[in-house]
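Here are my notes on this model. Please read them with the structure open beside you.

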Amino acid sequence: MNRGKIVAIITGAISILLAIAYLLLVQLLDFRGEMKPAPISQLSHQSLVVAYSLPENGQAVVEKIY
């Protein structure tokens with residue numbers, strides 16, 4: 001066998017092993033059950049809005065609105 005065929009076989013074997021590992025990982029994650037959203041009571045209700053404006057004089061104005 002020449003070198004190109006050996007490299008192709010090794011690359012194919014690695015590819016198959018990675019595919020099998022990926023399928024096993026997906027099955028393991030799927031086996032954990034249904035994904036449920038986080039409780040709303042534990043979510044943070046804070047938000048921050050940053051507004052940029054560039055007036056005619058070229059000075060940037062930054063306003064934080066909570």
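1. A word on the source. This is a predicted model, where local features need pLDDT of at least 70, side-chain atom pairs count only at pLDDT 80 or more, and totals for chains, interfaces and linings use all residues. Residues are numbered from 1 along each chain as its sequence is written, and side-chain values use heavy atoms, with hydrogens and water left out.

2. The mean pLDDT (the predictor's confidence in each residue, from 0 to 100) is 79 for the protein, and 62% of the residues score at least 70. Confidence is highest in α1, at 95, and lowest in strand β2 (residues 61-65), at a mean of 57.

3. The protein has 1 helix and 2 strands. Their order along the sequence is α-β-β. Helices (H or I, at least four residues) and strands (E, at least two) are DSSP runs, numbered from the N terminus.

4. Check the helix length. α1 has 29 residues and should span 42 Å at 1.5 Å a residue; its end C-alpha atoms are 42 Å apart, so the two agree. The expected span is 1.5 Å times one less than the number of residues.

5. Now look at I6. This residue lies in α1, which covers residues 3-31. I6 counts as partly exposed because its relative accessibility is 39%. The cut-offs are under 20% for buried, over 50% for exposed and in between for partly exposed (1.4 Å probe, protein chains only).

6. Burial is quickly told. Of the 66 residues in the protein, 0% are buried.
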